[in-house]
Amino acid sequence: MKSKQSNTFSVGLRVSEEIDLLELDLNYGDISKEELQQLFRSYRLKKKFFRLTDGSFIDLETEDIGKMVQLLDNLNVSSKDMEAQSVFRLSKGLALYVDDLFDETTVEIQKNEEFHQLIETISNMEQEHYELPSGIHAQLRPYQEIGYQWLMTLADHQLGGILADDMGL
């Protein structure tokens, strides 16, 4: 019975300028994407080991595998998503969550410069004041003004957002 010990996860995090989304590329040593999908399925079925096509086994009770499954679950990445794509496209609003999660692991991370800049921008957002559009003739309540300022801040940083309240905006 052979056991693979040398595999480590490597994750590529980048902001794609073409589509303005966060891209996450996940690899585990020399294991194919199909086998990686099956490995995660085995983990979710509470198996202790996963047998690779070369006959060796991977211990599924490691912290890194658990973190990866937690990440994929929290990002709503399903097995079908893993079959369909090798790079996962995510909202840029998830950048801080993904960055924080990987700070606590031994996973090898490659981040492009745009990702570093996005984290810096989000972390150091300054309170700005946006003037109300001239087409608004109503007197806004204070919470409506705060909601407008929040949405404009998100839009200004290209993060997008939804105001999930009936505030009249």
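## Helices H2 and H4

Helices H2 and H4 lie roughly antiparallel to each other, because their axes cross at roughly 170° and an angle over 145 degrees counts as roughly antiparallel. The two axes come within 11 Å. This is a predicted model.

Which residues make the contact? From H2 come Lys67, Met68, Gln70, Leu71 and Asn74. From H4 come Tyr97, Val98, Leu101 and Phe102. By type, the residues of this contact are six nonpolar, two polar and one charged.

## Helices H1 and H2

H2 also meets H1. Here the axes come within 11 Å and cross at roughly 95°. That angle makes H1 roughly perpendicular to H2. On the H1 side, the contact uses Leu39, Phe40, Tyr43 and Arg44. On the H2 side, it uses Ile65, Gly66, Met68, Val69, Leu72 and Asp73. How do these residues divide by type? Seven are nonpolar, one is polar and two are charged.

## The nonpolar core

The largest nonpolar core has 37 residues. Within this core, Leu24 and Phe40 touch the most other members. Several elements each supply at least two residues: strands E1 (9-16), E2 (21-28) and E5 (87-90), and helices H1 (33-44), H2 (63-74), H4 (95-103) and H5 (113-123). Which element gives the largest share? H2 does, with five residues. In soluble globular proteins, nonpolar side chains tend to be buried together.

Now look at Leu24 itself. Leaving out residues up to four places away in sequence, Leu24 touches Val11, Gly12, Leu13, Leu71, Ser86, Val87, Phe88, Leu90, Val98 and Phe102.

## A buried serine

Serine 10 sits in strand E1. Is serine 10 buried or exposed? Its relative accessibility is 16%, so serine 10 counts as buried; the cut-off for buried is under 20%. Serine 10 touches Asp25, Leu26, Asn27, Val107, Glu108 and Gln110, again leaving out residues up to four places away in sequence.

## Exposed residues in loops and beyond

Lysine 46 lies in the loop between H1 and E3. Its phi is near 65°, a positive value in a residue other than glycine. With 73% relative accessibility, lysine 46 counts as exposed.

Asparagine 76 lies in the loop between H2 and H3. Asparagine 76 is not a glycine, yet its phi is positive, at about 60°. Its relative accessible area is 64%, so asparagine 76 is exposed.

Isoleucine 162 comes in the segment after helix H6 (142-156). Is isoleucine 162 buried or exposed? Its relative accessible area is 70%, so isoleucine 162 is exposed; the cut-off for exposed is over 50%. From C-alpha to C-alpha, isoleucine 162 and leucine 151 are 7.7 Å apart in space, and they are 11 residues apart in sequence.

## Confidence in the model

The protein chain has an average pLDDT of 83. Of its residues, 92% score at least 70. Where is confidence lowest in the protein chain? Helix H3 (residues 79-84) has that place, with a mean of 71. Confidence is highest in strand E3 (residues 49-51), at 93.

Conventions. Residues are numbered from 1 along each chain as its sequence is written. This is a predicted model: local features need pLDDT of at least 70, side-chain atom pairs count only at pLDDT 80 or more; totals for chains, interfaces and linings use all residues. Side-chain values use heavy atoms; hydrogens and water are left out. A nonpolar core is a set of buried Ala, Val, Leu, Ile, Met, Phe, Trp, Tyr and Cys residues joined through side-chain atoms within 4.5 Å. Buried means under 20% relative accessible area, exposed over 50%, partly exposed in between (1.4 Å probe, protein chains only). Helices (H or I, at least four residues) and strands (E, at least two) are DSSP runs, numbered from the N terminus. Contact means heavy atoms within 4.5 Å. Axes are lines fitted to C-alpha atoms, for helices over the stretch in contact, and angles run from 0 to 180 degrees between N-to-C directions. Angles under 35 degrees count as roughly parallel, over 145 as roughly antiparallel, 65 to 115 as roughly perpendicular and the rest as oblique. Ala, Val, Leu, Ile, Met, Phe, Trp, Tyr, Cys and Pro count as nonpolar, Asp, Glu, Lys and Arg as charged, and the others, Gly among them, as polar. pLDDT is the predictor's confidence in each residue, from 0 to 100.
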